[in-house]
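Colleague: I have not looked at this one before. Can you put it up and walk me through it?

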Amino acid sequence: MQFQQLQYFVAVAETRHFTRAADLVHVAQPSLSQQIKALEKELGADLFLRARGNITLTDAGEALLPLARRILADADTARHEVQELAQLRSGRVRLGATPSLCTGLLPDVLRAFHDRYPGIRLLIEEGGSHDLVRELARGALDLALVVLPLPTPSPALTTVELLREDLVVVSSPDAPAPGRGRRTVRIPDLEGERLVMFRHGYDLRELTVAACRAEGFEPDFAVEGGEMDAVLGFVRAGLGVAVVPRMVATRSGRGLRVTPLARPGLHRTIALAHRSDVAPPRAARELQRMLLQR
């Protein structure tokens, strides 16, 4: 019994017509008929009653049909599983993340992923949540790490909360300590400070500015427009203070004074997002699992 013969048998059983079945499986009708006869000979029973213009299943055909469908389905499952495994030996994952997450969260996780799946290429795109959501929507990314709430909520995206991260104030050790040297800094204390501020569209910029305005003042920018590395460099140089994620301050804290924000403080929620209508590739799902279990 050949796998191909079962395919032909199921096609005839479903169409009840040899010519239409041949078209369905892309084979010449005489070849299909020959394979069906060979299958019947091997099984020792007719599978179809062939009356002019009317093809029906015999009892043997009725008994074989669910079994043949199951065999074909199992074969498809086996093929799919093997292809999925093959994707973990080669291929790529396109991951978007905000620059602060590329600095703080991703290095350790990506190192672990690369150690386990060295054949997978990791393509990283840095950007703000708004840009990353747009790239996800147009299919340019498999996964993205974004800050919730999304700037433009999209029903086409699925998001899974990953972590809730505290923000801290960083300053140069050579400059006066923010908050008059207290162990924690309150948001109103930033009114007297010059801030090193991120570029427009940066999630941390929007969060910091909104917190200052909620306390009744406009923040004073010493420098603005930088990405994470530039902001930290300007702070080290003593140009001002900045509000950054704790993970970034911990990883990149050399040459910086790190001061927690007083309760309730500032926080941001990080989520892993992907398109709802398209399942991520197997390699991307494996990276997603590692991020969720980090």
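Modeller: One term before we start: two strands pair if DSSP finds at least two bridges between them. Keep in mind too that this is a predicted model.

Colleague: Fine. Which residue stands opposite Ala 144 in β11?

Modeller: Ala 144 has Ala 273 opposite it in β11. The two strands involved, β5 and β11, run antiparallel and are joined by five bridges.

Colleague: How many bridges join β6 to β11?

Modeller: Nine, and β6 and β11 also run antiparallel. Along that pairing, Leu 163 has Ile 270 of β11 as its bridge partner, and Glu 165 stands opposite Arg 268.

Colleague: Is β11 enclosed by the rest of the structure or open, and why?

Modeller: β11 is largely enclosed by the rest of the structure, because seven of its nine residues are buried.

Colleague: Back to Glu 165 and Arg 268. How do their side chains meet?

Modeller: They form a salt bridge, 3.2 Å from N to O. Glu 165 and Arg 268 are both buried.

Colleague: Which residues do salt bridges that share partners join into one network?

Modeller: Asp 108, Arg 111 and Arg 251 are joined that way.

Colleague: How many salt bridges does a search of the whole structure find?

Modeller: The search finds 19. One of them links Arg 69 and Glu 14, with 3.4 Å between the closest N and O atoms. Arg 69 is in helix α4 (residues 59-87) and Glu 14 is in helix α1 (residues 3-15), so that pair connects parts 55 residues apart in sequence.

Colleague: What about Asp 142? Which residue does Asp 142 form a salt bridge with?

Modeller: Its partner is Arg 94, and the closest N and O atoms are 3.0 Å apart.

Colleague: New topic, the core. Which residues touch the most other members of the largest nonpolar core?

Modeller: Val 170, Leu 190, Phe 198, Met 228 and Val 244 do, in a core of 29 residues. Elements giving two or more residues to this core are β6, β7 (194-198), α8, α9 (228-236), β9 and α10 (246-251).

Colleague: And what does Val 170 touch?

Modeller: Leaving out residues up to four places away in sequence, Val 170 touches several residues, among them Leu 232, Val 235, Val 241, Val 244 and Leu 256. There is also a second, separate core of 25 residues, including Leu 101, Cys 102, Val 147 and Leu 291.

Colleague: You mentioned α8. How many residues has helix α8?

Modeller: Helix α8 (residues 203-214) has twelve residues and reaches 17 Å from first C-alpha to last, close to the 16 Å expected. Buried residues in α8 include Leu 204, Val 209 and Cys 212. After α8 comes Gly 216, with a positive phi near 90°.

Colleague: Last thing, the whole chain. What radius of gyration has the chain?

Modeller: The chain has 31 Å, whereas a compact globule of 294 residues would have a value near 19 Å. The C-alpha trace spans about 95 × 35 × 30 Å along its principal axes. The chain holds eleven helices and eleven strands, and 44% of its residues count as buried.

Terms used. Residues are numbered from 1 along each chain as its sequence is written. This is a predicted model: local features need pLDDT of at least 70, side-chain atom pairs count only at pLDDT 80 or more; totals for chains, interfaces and linings use all residues. Side-chain values use heavy atoms; hydrogens and water are left out. A salt bridge is a side-chain nitrogen of Lys or Arg within 4 Å of a carboxyl oxygen of Asp or Glu. Helices (H or I, at least four residues) and strands (E, at least two) are DSSP runs, numbered from the N terminus. Buried means under 20% relative accessible area, exposed over 50%, partly exposed in between (1.4 Å probe, protein chains only). The expected span of a helix is 1.5 Å times one less than its number of residues. A nonpolar core is a set of buried Ala, Val, Leu, Ile, Met, Phe, Trp, Tyr and Cys residues joined through side-chain atoms within 4.5 Å. Contact means heavy atoms within 4.5 Å. The radius of gyration is taken over C-alpha atoms; the globule rule is 2.2 Å times the number of residues to the power 0.38.
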